Amino acid sequence: MLRKVITAISSALLMAAPLLVASPAPPAAAMSQDRGVVVSGDWDGDGYESFGLVDTSTNPATWYLTNGYDNYWIDNLVPDLVFTYGAPGGQPIVGDWDGDGDDTPGMFVPSATGTPSWQLRNSNSSGAANLTFGYGASSDRQPIVGDWDGDGDDTPGLFRPGSPNSYLLRNSNTAGSANLTFTYSSGAGKPIAGDWDGDGDDTIGFISTGSNPFTWYLRNTNTTGTANVTFTYGSGSASSVYFANGDWDGNGSETPAIVLPITNGPFLWHLRSSNTSGVATSSVRFNPVTPLKVMHWNISGGIINNGTYPIIGRIVREVQARRPDVISLNEICDRQYAHLVDQLAAAGYAMEGYFQESRTFVPDCIVLPDTRNEAGNAILVRADVVEQKGYMFTTDHKLEEREQPVVTEERSVACVVANFAPANQPVKACSTHLADGDPAGAQAEVRELVRVFGPEANSRPFMLMGDLNLTPDDAAVGALYYPEGTGNFWETDTYWSSCIGEDGMCEPVRGGRPTRVGGNRKIDYTFVSRDHFNVPISSAEVIDAGQCDGHACSDHMMTHSTVNLYLPRKAP
């Protein structure tokens, strides 16, 4: 039976010395060590242990669990299971409490005056505890969990630091006294438990955090004595890492892991497949995410739709069917934008947004007696908008932060900063439409987007949607793309033509499906900052929106994407 308890250490976020890993750390993403506790377990009973994180800042605590490599999405594992369990004040624990082969959550709740409470649940879902009992003393603060007697279910244990350290293990999930009490190890360090030799029962171990690299002392019986296995793995400051163990390769024995919460990045799991000194056998990134649905469309609100409202009805129907979190619209008239906001609210799907005019007078937008005559870009979000910003391209294609265009200007960017639930994380989302019929002008404007927004995309979640009027193979557009270019953005349709074979292995290729109706060019894009999002493979769709009032709704296809926003990390 697989067994583990993770030793979580909450403090600084960076290693003071290099970890012994075989390859450099991948690019950054997000989440906070002071908001999470790392856990590992066999969540689906397949014989392999995988990764999890518990956000103890929420009430109840939020559990994010992944089943491993079957959910590998662009550079990062994301959760297969998300649920809430455990009240504030408790310490997350993991075990197979009912012996059915899969691991499920528990909470150890210390008591300042009485017996600690063990609250165990038998499914990876929200709900109440299936088992609650008291075990331990008011001074106990360090639970450990394992299958001490090899009967298939996990039961509680306690670690009491001293000289030497004491272990008190119980063989049933009930109140009572310890079945096994013994001493093992001493000095500064962390207790662990696992099946080190693959014989079916879990035994204790101790990680000496006073050494550099860290020294792991594993014992194959739950008795007083010396270590059966001693090795070094991982280095740096013990206050900067998590220690973990698990059966990463499904061979029946558990081996170590060092987990690094990189500043503004994901949790990096550096796994070793043997209980020996050496470098990581493999490295995996895992991070909780918030999925966001994104819709982008150049609606040709003036030229094709003459400022009328049937195109708005088509948008509302699409929103009701798809329920996007972010909408980017190009070539929308100001009167159409105002009507859209009203209609979405009337349909019970209110969105906040911002319209940035691109031109001062557009006759095609006028529908008398309404004399509104502006056209531009709009960005709408299903979130609380905390800031609105407009930008104008000058006639020589320089990007300036201002809302009011001059008569000769025609291109703009509309942006909002919005706080997306559940973490109220601020995201900047922008919509733009670049020069048409002027490739050199569009290329210059892309370079301005990179100059103005590139630094922001390095430091905060950033979304950029729009009709660039350039194809992906254009060198200027390459300055936005990662990793196939020199930029800092994923593009959501990047992987469309490059997934080969039944295993779905995908390599980044700049490209994607045509977005111009009746054409073969992709000129519409959805970019998201690579350090703050990942993009599910094949999540993008390109749709012909059909007819509006007897004519084509637009000369552009409608695009839909799903992106995963990494949950935020607090500053150390």
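Author: R402 is partly exposed at 22% relative accessibility, where buried means under 20% relative accessible area, exposed means over 50%, and partly exposed lies in between, all with a 1.4 Å probe and protein chains only. This is a predicted model, in which local features need pLDDT of at least 70 and side-chain atom pairs count only at pLDDT 80 or more, while totals for chains, interfaces and linings use all residues. Residues are numbered from 1 along each chain as its sequence is written, and side-chain values use heavy atoms, with hydrogens and water left out.

The side chain of R402 meets that of E400 in a salt bridge at 2.7 Å, N to O, a salt bridge being a side-chain nitrogen of Lys or Arg within 4 Å of a carboxyl oxygen of Asp or Glu. R402 also forms a salt bridge with E409, and here the closest N and O atoms are 2.5 Å apart. Of these two partners, E400 is partly exposed at 35% relative accessibility, whereas E409 is buried, with a relative accessible area of 5%. Side chains of opposite charge can pair when their charged atoms come close.

Another such pair is R460 with E456, whose side chains meet in a salt bridge at 3.1 Å, N to O; R460 is partly exposed at 24%, and E456 counts as buried at 18%. Elsewhere, salt bridges that share partners join R314, E318, R322 and E541 into one network, and a search of the whole structure finds 17 salt bridges.

E456 is among the buried residues of α3, which also include G441, L449 and F453. Helix α3 covers residues 439-459, helices being DSSP runs of H or I with at least four residues and strands runs of E with at least two, numbered from the N terminus. With 21 residues, α3 reaches 30 Å from its first C-alpha to its last, close to the 30 Å expected at 1.5 Å a residue, the expected span being 1.5 Å times one less than the number of residues. At F453 α3 bends by about 45 degrees, and the proline P455 follows within four residues; the bend is the angle between axes fitted to the seven residues ending at a residue and the seven starting there.

Turning to the loop, S235 sits between β18 (229-232) and β19 (242-246), and S235 is buried at 6%.
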